[in-house]
Amino acid sequence: MKKSLQANQPRSPGSSSDGTDQVHDQCIVPTKVITIADSFEKREHSWSITSQIPTDLSIQVQEITFNVHKYPMMSKCGYIGRLELQPSISNFGYELKLENFPGGSETFEIILKFCYGLPVDLNPNNIAPLRCASEFLEMTEELEDGNLITKTEAFLTFVVLSSWKDTITVLKSCEALSPWAENLQIVRRCCDSLAWKASKEKSSIGDVVHEEGWWFDDVAILRIDHFRRIITAIRAKGTKPEIIGKCIMHYAERWLPGMDMEIEGVRGYGHGKNEFHFSIYSEKEEGGIGGIAHSKEQKTIIEGLVSMLPPQQEAVSCKFLLQMLKMAMVYSATPALISELEKRVGMMLEDANVNDLLIPSYKNVDQGKLTNSPEQCTMHDIDVVQRIVEYFLMHEQKQQQQKSGKYNISKLLDNYLAEIARDPNLSITKFQVLAESLPEIARTCDDGLYRAIDTFLKTNPSLSEHERRRLCKIMNNEKLSLDACMHAAQNDRLPLRTIVQVLLSEQLKMRAAMQEKENGNTSEQEGNQSSTNMEIKTLKADLENIKMKMAELQSDYSELQQEYGKLSNKPKNVSGWTFSWRKIKNSFHAKLDGDETGDRQQRPNSVGCRGSFKRRLSIS
């Protein structure tokens, strides 16, 4: 009958035991056992050594039983040597069960080969389990030089940590080795090595040069706690918040599949939201324990990612924060985390769009039932948006910014009101409170608010006259454009009092438009008159110049006539005088033509003057 020995917890590497030394002083490891241990027999749930010497130790790891010799194990495993093994009547001699053995039966099989002197292949897939298992079995240098702890530690330090891919592989294998991998600093060393390589803006591994963000895909396969360790180490090395934010968003896309689900307005009313709403609950119920475990894992990932977000606003987009907020509400994250996300969204609300703000109502998902109250059956969670707007106004007040940002928010809020107004379960109180959350000066135009009110009245035709008046008091008729006033004046859904006010406002706007148009025409006429006066002044100046030039020409002409009279008394020089006269005449006409060319465009009336002057010249 076998004797079962329950394994005690292994001691820390630094501890010593006199019992271990006594056992090894007394035992002699026969070389024959090691040399004949190269023949193994594997069955479904057993692992045996075939040799001439019968095995005397049965070790159970998980569901596998290993039938081995005790002396090869005791010579290299201090943990087994410390156990007080009593002789047994059974053929196997002794029986040992290793609880919570790191790496399981596959790792123990490799350790057996090492203990029997067979070659062992160390690689990134098995180095972390072997390092933890060797620590579990206390395979130290005190028992034998070159024992497994030394070999695995050297391989891990000099081979694995120098390679990016190998370090990722080892860190991934450490997920099933808690707490051994943590206590042996394997996780810390791997995370520090990865952070050092990833923190470089342009990293070169081997002969390949990597650009920014090259490491996102590799770290995204890791568990959330290991991913957080890497991000913390990278941030400590001064990496830009934008890069860290991109990595977090990349990780969320991989591990949170519901991030990409969007519900566009009430086109999904009764279908899109409810399907997603019940899919979370059905996943929990149909999956049983597995579904609940998956939900807890998703919740852990969400809370971990939010805690890692850099405080800078530019680190992540507003769209991503709203997606995380939706997922946090789906998986019932802590109220403090949801409030933190709402505050961050409020600080970046100007960058949001309407579809991102359409947050489905996930109330009572954990209870697996929907309430029957219309107030609680609204398609969208209005309270969340109300709190986000309040956080935005608080942030604006602290920053003391101009109202341009509030104007952008007013357009966003009015478009959001127009979307939720199509929900028949939306109460008039919630609609009014949200519409009035912005101060009146934040809206420069109420056309968007009018469209939202009109949509609400169209969705709820049974509202009383008092409720319709109450709703229409939200908007300021004076801030409606002329087109909106014309539409509202013909809108029979509005109360009669509002229509009268809109008509008065429309008449005032039309009168102002007409006056503006008349003022525009008057100013145009004044402008034309001033331009005409300038042209008249220019023409007068040109006429004065022409008069001066004509006076000069007449003086030159008189001198020429005098010379002609003197030369006419000398008949011998008639031919010479004729040649000179022609030369002077040609130069005179050339001068006159040059003046005509220069002044033709500026002096349209000068043509008549030149014509009359030529006629007088020909007569003379």
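Me: Is Asp454 buried or exposed?
Reply: This is a predicted model, in which local features need pLDDT of at least 70 and side-chain atom pairs count only at pLDDT 80 or more, while totals for chains, interfaces and linings use all residues. Residues are numbered from 1 along each chain as its sequence is written, and side-chain values use heavy atoms, with hydrogens and water left out. Because its relative accessibility is 8%, and under 20% means buried, over 50% exposed and in between partly exposed (1.4 Å probe, protein chains only), Asp454 counts as buried.

Me: Which residue meets Asp454 in a salt bridge, and where in the chain does Asp454 lie?
Reply: The side chain of Arg493 meets that of Asp454 at 2.9 Å, N to O, where a salt bridge requires a side-chain nitrogen of Lys or Arg within 4 Å of a carboxyl oxygen of Asp or Glu. The pair links distant parts of the chain, 39 residues apart, with Arg493 in the loop between H24 (482-489) and H25 (496-567) and Asp454 in helix H22 (residues 447-459); helices are DSSP runs (H or I, at least four residues), numbered from the N terminus. The partner is therefore partly exposed, at 27% relative accessible area, and the names asked for are Arg493 and helix H22.

Notes:
Helices (H or I, at least four residues) and strands (E, at least two) are DSSP runs, numbered from the N terminus.
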